[in-house]
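Reader: I would like to learn how to read some features of a model before I use it. Please take them one at a time.

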Amino acid sequence: MNAPDQSPLTSNFSPSQSPLGYPTNLLAPGQTYETVNATIADVPLKPAPGPWWVGFIIASLLLLMFLVAVTWLFIKGVGIWGVNVPVAWGFAIVNFVWWVGIAHAGTFISAILLLLFQPWRTAINRFTEAMTLFAVCCAGLMPLLHLGRPWVFYWLLPYPDTMRLWPQFRSPLVWDVFAVGTYFTISLLFWYLGLVPDLATVRDRAKKLWQKKLYGFFALGWRNSAAHWQRHQIAYLLLAGLATPLVLSVHSVVSFDFAVAIVPGWHSTIFPPYFVAGAIYSGFAMALNIIIPVRKIYHLEHLITGRYLNNMANIMLVTGMIVAYGYFIEAFMAWYSGDIFEIYMMMNRAFGPYGWVFWLLMLCNVLVPQALWSARIRRNALLLFVVALFINVGMWIERFVIVISSLNRDYSPSTWAMFYPTKWDWMTLFGSVGLFLTLLFLFIKFLPMISISETRELVAEPEKATTP
Amino acid sequence: MNKTYGLLAEFSTHEKLIHAAEEAYAAGFRKMDGYAPFAVEGLAEALGKKNRLPLLVLIGGIIGGTGGYFMEWYANAISYPINIGGRPIHSWPAFIPITFELSVLCAGLTAFFGSLALNGLPRPYHPLFHIPEFDRASQDRFFLCIEANDAKFHPKETRAFLAGLGPLSIKEVPE
Amino acid sequence: MNHPASNGRARPQGAPDGSASRPYQRETDEFVPGSNEWPDDLSRREFLRLAGATLALAGLNSCTKQPLETIVPYVKQPEIVIPGKPLRFATASQFGGFGQGLLVTAYEGRPTKIEGNPTHPASLGATTVWSQADVLDLYDPDRAQTVTTGGAIKTVSDFWDALNLAIEPLKQNGGAAFRILSEPISSPTLLAQLDRVLQSFPAARWAIWDPLNRDTIAGAEVICDFTKAKVVVAFDSDFLYAHPYALRNARDVANRRRVIEPHGAGMNRFYAAEPTPTITGSNADHRIAVAARDVLPLAQTIAAELGIGVATPRNIENADWIAAVVRDLNASRGESVVIAGETQPPELHALVAQMNAMLGNMGNTVAATPALSLPGSQIAFGDLVEEMQRSAVELLVIFGGNPRYDAPADFNFADAFNKVKLRVHHSVYFNETSRHSHWHVPATHFLESWSDTRAFDGSVSIVQPLIEPMYVGVSAHEILEAVTERSPRSAYEILRSHWSGPEPAPDFEAKWRRALSDGVVTEFQPPSFAGAGQSIAPAPSATPLEKRQRSEARGSQLEILFRPDVSVRDGRYANNGWLQELPRRFSSLTWDNAALISPELAKAAGLNNGDVVELTFRDRKLRAPLWIQPGQAKHSVTLPLGYGREIVGGVGRNVGFNAYALRTSDSLWFADDLTIHKTADRHWLVTTQHHHDVTGRGILHDGTLDEFLADPHYAQKPEELPPLGYTLYDPSEYPYKGYKWGMVVDLNVCIGCHACTIACQAENNIPVVGKQQVGVHREMHWIRVSTFYSGTEENPRITHQPVPCMHCENAPCELVCPVAATAHDNEGLNLQIYNRCVGTRYCSNNCPYKVRRFNFLEYNGRLSPSEKLVKNPDVTVRSRGVMEKCTYCIQRINAARITAELDQRKIRDGEIVPACAQVCPVEAITFGNMNDPRSRLMRLKRSPLNYWMLGELNTQPRTSYLAKLRNVNAELVRSD
Amino acid sequence: MAQLFPKSANVHARVIIVSIVVLACGAGWATSMIYWSPYTTEVDVPLQQPIPFSHKHHVTDDGIDCRYCHTSVEKSSFAGIPSTETCMTCHSQLWTDAPILASVRESLATGRPLKWTRVNDLPDYVYFNHSVHVSKGIGCSECHGRIDQMPLTHKAQTLYMRWCLDCHEAPQKYIRPRDKVFDAAWQSPPNQLQQGKELIREYHVDTSGRLTNCSACHR
């Protein structure tokens, strides 16, 4: 419809390397409005590439497995899992914490970086916000599945019932309900608000009428009015401002599930900060694990430049060190407290029956990420992908260590017992990954996966795009 | 086309658009709006647009917070007080997390729906959509529209005024 | 105590007294399973609020309509029955042929709970684990339900005809080919009937077989008065648990060991020598592990030291222990008890008798049991089998038992049995013996029919039924009568006529009623019969003793021990889920038996728990899994009997291995020449406790009497406890005025018999979950008995600790429940409201005592209609997905409260007795009101021995413990 | 290009948004309506019974006391359902061949009990005790309504926990003198609250809050 515009906006480029040798470009040279629009907005309008189909089919098979596992769970009860007394919480809670953690990167990138005026969020915030949503979906399911009587889950919500009973608001589990619920709602609004102008772009670029109407419907008749843009930006900024404390609170509340309990290995004041750090850690890892392949498949290297990967790697390094510090402090406090229960818990964690899991955790979360000190690795997408994979696994193991190896030997030795996952536990874990990926693939296929309007802004203001 | 909605001038860059907006404002036009494929800084100001969303959000947040705390207190301390492990009936520290979450929730909802409401969205039909070229407002073109219901609007003079701002084109937008 | 109006109407019109009310209407005795009677019963159950399944719906009741339920009233309501109110009847059961006084609770004619009869001297209100479990057998759907011959269903009258037909020809030669085999019998009426039969068939003979017989003590059977004993020495004797007088023994011993405050604190000193840990040995102040074959030499040495002229074997171990025993025995002549177990040879019992005599205990602390006169013409079991081999037996009537399963292997009973022309077996269950009999006649459960029985101490009780027979049932009385009479009278008539004699005394009715309601016959003796033999105990049924080989010190040679299983005994309880799931003592094994070996042996042979070994003994082989048992004698291997049953119900099938396969008549209890070698196989053994070390935590406080006397408060020292009532909260918010329930568990007297666990299971409708679920740590017992070892692995000090819910005032569990499904009431009970529970299991995680139990699956889903009848209507049946735990028997608290409210008075101290406390033989558990300073509870809680489990957590538990004391001998400690 | 949507779409859009909000609220309101409607509570809905037994006739016309049939109401948790014999004490004389009583006679003859449908059916996990309520001055009619006016017996109250709590937390609102307990026609006097307080003291009703403890009804 409109010929490629040759506006010379993105011609004069500063060197693409910072003095320290880090990539500085947020945008490859030679980008115009049209190239940006075309690369992003036309994805939903064109048929999906082969790799997408492969991924999507695998994902939906995993999802199918998830449904099978859940159906059997509802028929038989949580007894199909490995949970027992003393280890009454198993994979479900581990998965829950893991998924909530993963969700955090999205909000961190889109909200906190926005407030800090970090330009390097532009190309990745849409992704990670979507990731947040889908991760929260998986997370939210887990506590419901793990209930002994899931069909009465709504008793955790306050409503005037025929028994005049209410939730017990001192319980961290009720806090969870509100925290996770709020988190999901806010993330959804935040994500959709950002999407509206881009949906308008897709609407206007679409050829087929049904596409126009479909995207037009969700674009709500957005017409890029200056006044609208202004309110949009304010609302966006306010949501970011709200999401920032929210994201910190959510994982703090999740950590209260443990910190409020008196179980040795749970009852610890360091949990909130160290959980939040861990959350962002795993979130960025997951973001990289998704972005790197997608970037390759859809040839987005010119939009998602090395600088993004580099910066994300830096964040992982920082949060990773915080998490490592957390591990250290836990051990130190156990020793320093002189409390026999704490000391035994730590010894059991490292050298007890689950000791090998603990050392695996150290490998994945502490040892491997040290590679990120090297700029070469940070700039190598493939290596970065591998490191991120380690971290994702590591963060899951961390939750396993916290939940299981604390419970299996707590106060009363005569009741100590081991926890062994059943095949249903594994099916639920990998099934939830299937759910996550399925949703993600649908997102990639049908929605602009990078914020077009913000990228256009970069095109318009090149200096913003290149400042290190 | 008997009645017109306004005159639409098309520009190639956002600088041009901002300049045009300032000119138009200086010329005394008020009922007008600019259209750009991204949030152009200073454009709204140049057009003299105001915004009172933040206040609404603050109010929403306060309502959510107080409402939340009241609900917890009423449920656990008034409606059916139960001795939970010897903890105080009104355990205010335990009520804080939900209070906080609910204030964030309500503020967030206000921000989202507030902005939509103030923007008058959803509005699938709009006169501007008559103009085929307007599609590019969401892609790579910048528009200024002076509306017919502006006090100083005059089909001829306003068109001349716009032409003086060096647009790529000027279109009349039918109602 | 209610007692029935005694007007014996004849069956079938009406139930005999005591079972006057009936769970469902029945026209005839020939009750065909699956006939149209059950529906009534089911709807009754609904009305009795017993549909556990509806609890699942209950959760939903806020969004679904309840299913319609029906009420089924009586047609004729019995006067004594008030619907909704339980009745209690005194009756008695048999244990190894000896009576056990019981008090049974029935709801609308449905016995649900068995307690001990406080007026019965042999029980004093306590019961054994087996009495608790008997009520489950009553409703066991696997019970024999009809008379069968060769698998074909017959009626009882068919059987009478067949019996008469068979007997007629035998009459000519006085029944020369007629034999009766029974278990030990103490029922006066039955013995009289038996005598009559044997009179009318002069050539007929009678034999007794009990795989757990006490023949070795024959003639030397004694009753000990432990209340008078300062020193107790036990040689391989489990007199606190596997003994017909165990309940009374335990009570008496406990009363000599109970210590509340320092002044006047006295304890008996208890020495035990045994090859394998028993409940009794675990309670000894000084226990040594010696091979069974070395017990006699040990005793001989002691006897010699005491000055009895016996040859002392050389190189005997445990010199210091012997020295200490001798010193203490000499120091307390006339105030000591020496006792030996039935597993030891008669020589030892003779020797023990001598020791008691020369120590002056005879007549003081030890007395012979009253003689029981038995009919003559009795032959030994071995001789009977030999006759059968010769095909000299044409009619064999077996009362109870299961000889084909548990007869000594060398008797080759199976094929001797097949040579008998007509074999009749009369038993409650259809077992291995029934399978190979021509006729099987279902016996009535003792809760279903009339009889009488005689306790170890000679006190006689009337066995009165509480319910119409669930299925076709015939009592032994009726069969014996049928042998002489053509058509037998009912057991009730037989019994009554025997007691009343031909012409009843005018006051007979009154006496009879009192005897029934008291549960002990005190006012008159049954007319004794012209019993020929005056033998004090049954004639030795196994082969003569000469055959048993002497055991010189055989060094490292392996010794095989056969022992009754602590749960299923000789195998009779194999189909009882409660007992199968009850953790075996020490090992806490469930649903299995294992060959117990000593840690040293395991180390030496490189064996581990669960390894399957092949045991070779007397050329017979047997494969069995191993369990390493601390405290086991170095070279002894214990094989628990009673497993590997083949013809048994669904519960007992494929459980464990059959140790009878190796048991020969000359090695009933132990013998040498055992060889084991390891196989490649392993067996999944399932236990409820994996760690027996308190790891220095404030869980178990124990010490010695001397320590206590030196520093009475030592038990409260070990931990840094928060100051009492130390709290951040405003204590006035929950004042706990009115009643303030609490509990004390006295570890010092607890013997670890696990009766509390099973009593709780019976009272609180606790489901049986099965081996697989126990294997993944989902057992449901509300009160567990933890066993802790300290000291050396070879011979550890063993301590038992019952752990119910602590009912903490600052309960960690309640804080974390999102729906307030667990909360406090203002009497301080930690409540669990099943119907509110959503099953997050958070409370269990946060419970430092891990006393909460979760229904991971629908454990009550598979119950048959009859099994549902055992459920207590006052306790909700929990369904899948809800948490449960000890409630201090809140149903009993509420019942007592309502009674008190109706009488307009306060609840009295001791009026509320939780099931665990009620069953406890040693009264180790006390429940009461902490606001009543005069209550027994507070007397105990004021003791300096009183401590909180994990007190440093400041959970303010309502359940506290009295620390365990051992009255150790200072010399021995030094020599340790 | 032309307009994607007609002018009316703007109106439609607003209508849709409004109706979503309305529907959401409406759904909540409807559910609560269903919970409290006779459909769920079965209040005032006579159930199918083997015999169309009329409390009105037996209580009001014949003046039979509640306790004549519900014998254990003062002794036991269960008020008691009359045995067939009880019915026949009169009906062996009266209406001896009335066809509607056939099933009663048949029950006595065959020994098969009658099967009534439960009208006031608490969930299985609720442990209600008649005797203690009666002895503390809670009248039959408080829960069973004007049973003496019921030709066919039906539920008078929802028996929801919320309803139980209403009395358990403030018994003075409902408690009456013991001698009026079986008087279905009893009306609370104008000074009920003050009289109730006196009765509470007199009958030693526990007002320490124990009556609203979970353990008061659940075990």
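Reader: How many bridges join β16(C) to strand β17 of chain C, and do the two run parallel or antiparallel?

Author: The general idea comes first. Strands of a sheet pair through backbone hydrogen bonds, either parallel or antiparallel. In this predicted model, β16(C) and β17 (residues 439–442) of chain C run parallel and are joined by four bridges. Within that pairing, His426(C) stands opposite Val441(C) in β17(C).

Reader: Which sense and how many bridges describe the pairing of strand β15 of chain C with β16(C)?

Author: Strand β15 (residues 395–399) of chain C runs parallel to β16(C), with five bridges between them. There, Leu396(C) has Arg423(C) of β16(C) as its bridge partner.

Reader: Which residues of β16(C) point one way, and which the other way?

Author: In a regular strand the side chains alternate between the two faces of the sheet. Here Leu422(C), Val424(C) and His426(C) point one way, while Arg423(C), His425(C) and Ser427(C) point the other way. All of these are buried.

Reader: Why is strand β16 of chain C described as largely enclosed?

Author: Strand β16 (residues 422–427) of chain C has six of its six residues buried, so the rest of the structure largely encloses it.

Reader: Now a helix. Which residues of helix α11 of chain C are buried, and what covers them?

Author: The buried residues of helix α11 (residues 381–389) are Phe381(C), Gly382(C), Leu384(C), Val385(C), Glu387(C) and Met388(C). Their cover includes β7 (178–182), β8 (205–208) and β15 of chain C, along with α12 (403–406) and α13 (413–418). Strand β15(C), which is part of this cover, is also the strand joined to β16(C) by five bridges. After α11(C) comes Ser391(C), with a positive phi near 55°.

Reader: In what order do the four strands of the open sheet with β30 of chain C lie?

Author: The order is β37-β30-β39-β38 (chain C), and the pairing is mixed. β37 (925–929) and β38 (946–947) of chain C are at the edges with a single partner strand each, so each has one side without a neighbour in the sheet. Strand β30 (residues 741–746) of chain C pairs with β37(C) in the antiparallel sense, over five bridges. In that pair, Val744(C) stands opposite Thr926(C) in β37(C).

Reader: What do the totals for chain C look like?

Author: Chain C has 976 residues, of which 67% count as buried. Its secondary structure comes to 29 helices and 40 strands. Of the contacts in chain C with a separation of 6 or more, 74% are between residues 24 or more positions apart.

Reader: Where in chain C is the pLDDT below 50?

Author: The average for chain C is a pLDDT of 86, and 89% of the residues score at least 70. Over residues 1–63 of chain C the pLDDT is below 50, although this stretch has 160 contacts in the model beyond near neighbours in sequence. Residues 531–553 of chain C also have a pLDDT below 50, with 45 such contacts.

Reader: Last, what area is buried between chain D and chain B, and what share do carbon and sulfur atoms give?

Author: About 1300 Å² is buried between chain D and chain B, with 56% of that area from carbon and sulfur atoms. On the side of chain D that touches chain B, α1 (8–36) and α9 (161–169) each supply at least two residues. α1(D) gives the most to that side, with five residues.

Technical notes:
Residues numbered from 1 in each chain as written. Chains lettered and ligands numbered in written order. Predicted model: local features only at pLDDT ≥ 70, side-chain atom pairs only at ≥ 80, totals over all residues. Heavy atoms only, no water. pLDDT = per-residue confidence, 0-100. Contact = heavy atoms within 4.5 Å. Buried < 20%, exposed > 50% of the residue type's maximum accessible area, 1.4 Å probe, protein only. Pairing = 2+ DSSP bridges. Buried area = accessible area lost by both parts, 1.4 Å probe.
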